[in-house]
Amino acid sequence: MSGSSKKTLIKVIKYTVMLLVLFVLQSMVFSRLRIMGIAPLILPVAVVAVALLEDATWSGAFGIAAGVFCDVSYSESMVFFTVLLPIMGIALGLLSEYFLTRGLLSYLLCCVLSLAAIAFFQMFAFLVFQDVNPQALLKTALLQSLYSLILAVPVYYFAKFAGRKGPVQ
Amino acid sequence: MQAVRNAIRSGSKITVKEFLKRRGLLIMLIVLLLCIITIGSLYISGNRSSFITGAVNTAMHPVKNGIKSGVDLLESLYGYIYEYDTLKDENERLHEENATLKAEEDSAAQAISENEELRKMLGLSEKIREMTKVDATVTEWSSSNWANAFSISRGEADGVEVGDPVINSSGEVVGQVLEVGGSWSIVRSLVDTSMSIGASAGDTSALASGDFELMQEGLLKLVNVPSTARPVIGETVHTSGAGEVFPPELVIGTIVSVDKTNSGLTNFAVIQPAADLGNLSMVFVITEYEYTG
């Protein structure tokens, strides 16, 4: 096996382990550690981290895997995150490759936008098909996003440890 | 590739053709994969879980069980070390409650015997409710903030089907099976927004239904209550058996408040579930039932 193939394989293994650890944290630990009844979204912010640290290929592939596990932890039969997270990963990966300055600040900004987009899609069905008070939906969306943002910082450094440590060469 | 990036960062133009030439195949492959996943899931899902999430659920099921066992062990150790006195007091209270329940059981046995004699005298047919139940362990709760569901350790192999009612050890309603795998199932809890059960409170027939705001507080609504009916606070709400999904006379909860809808034509009530949904560890799936009465 060549040197670069070996490095790629090691990185795949590291990201897989990271994915499984974050899945367990999201589905079995933080689902019990709710703040005001709200649990955080950890896998989507991990996709943003990979997008900011790697390129669109890695973030798209990681997004598919993270999306599947996210749907499993949400006990959903729909493929909401399976479709959304790879699209998000590719888009942010391309942005980070060509436009953004990579760093923690850019990452947090991308997390805010991603979490807002996810919350919007989650609220959409309730707004359109059910007679739900929009304030209750917004409160849930805000708390979910804030809690996820707090955990986004350690997730970023976890992803940095697992993958590339510098800008794309 | 680096030349392209440098060109963009320095403000030089990069043509769409160049961009697609370098990245088009990748993007097309990923979009194609997403389409296959979406279409395949929608085509195959039906009453079963989507094949991707189903496969992952099946693979992760033993891992989740293992982790849950570890978490339960840690919780019991924590309880033994830090909550010994509380557990001791609760144990004494349960002993006293058990003694009271045994006395009530003797009275109930006499009442049943008297009921049977009176039925014979008056020529009334006996109410029969027979249920086939499958016991299951609650393995994990959904981490969703927009729904309320949990996973259990039984599935298609144990006779569980989508739509089966789920109760606790006291016979109180806790939810309904939403999705089934080989050896696991997802149960939509009683307070989930998509939940809807035929209910009766006293002589009033209505619908026990989930509500998003109430779900956050662990409550649900009794809707379609006629304006002429006045549900009473403290009244117990039972399943009515309408729709023949849930057996009748299962306890749903207790009415904690009553109000009029905006139209003023109907009332609605807020129900506190009888089952302690936050501390479920063992549930029973009703796979079949027979009721005559």
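1. In this predicted model, the axes of helix 2 (residues 43-53) and helix 4 (residues 80-98) of chain A come within 8 Å and cross at roughly 25°. That makes helix 2 of chain A roughly parallel to helix 4 of chain A (angles under 35 degrees count as roughly parallel, over 145 as roughly antiparallel). The crossing of helix 2 of chain A with helix 4 of chain A is right-handed, that is, the near helix is turned clockwise from the far one by less than a right angle.

2. On the helix 2 side of chain A, Pro44(A), Val47(A), Val48(A), Ala51(A) and Leu52(A) make the contact; their partners in helix 4 of chain A include Phe81(A), Leu85(A) and Met88(A). Contact means heavy atoms within 4.5 Å. By class, the contact of helix 2 with helix 4 of chain A has 9 nonpolar, 3 polar and no charged residues, with Gly counted as polar.

3. Helix 1 (residues 3-29) and helix 6 (residues 134-162) of chain A pack at an angle of about 155°, with axes 9 Å apart. Helix 1 and helix 6 of chain A are therefore roughly antiparallel. Among the residues in this contact are Lys11(A) and Lys14(A) of helix 1 of chain A and Phe158(A) and Phe161(A) of helix 6 of chain A.

4. Chain B has 5 helices and 12 strands (DSSP runs, H or I of at least four residues for helices, E of at least two for strands). Of its 293 residues, 37% are buried, meaning under 20% relative accessible area with a 1.4 Å probe, protein chains only.

5. Local features need pLDDT of at least 70, and side-chain atom pairs count only at pLDDT 80 or more, whereas totals for chains, interfaces and linings use all residues. Residues are numbered from 1 along each chain as its sequence is written.

Notes: Chains lettered and ligands numbered in written order. Heavy atoms only, no water. Axes fitted to C-alpha atoms, helices over the stretch in contact; angles between N-to-C directions. Parallel < 35°, antiparallel > 145°, perpendicular 65-115°, else oblique. Buried < 20%, exposed > 50% of the residue type's maximum accessible area, 1.4 Å probe, protein only.
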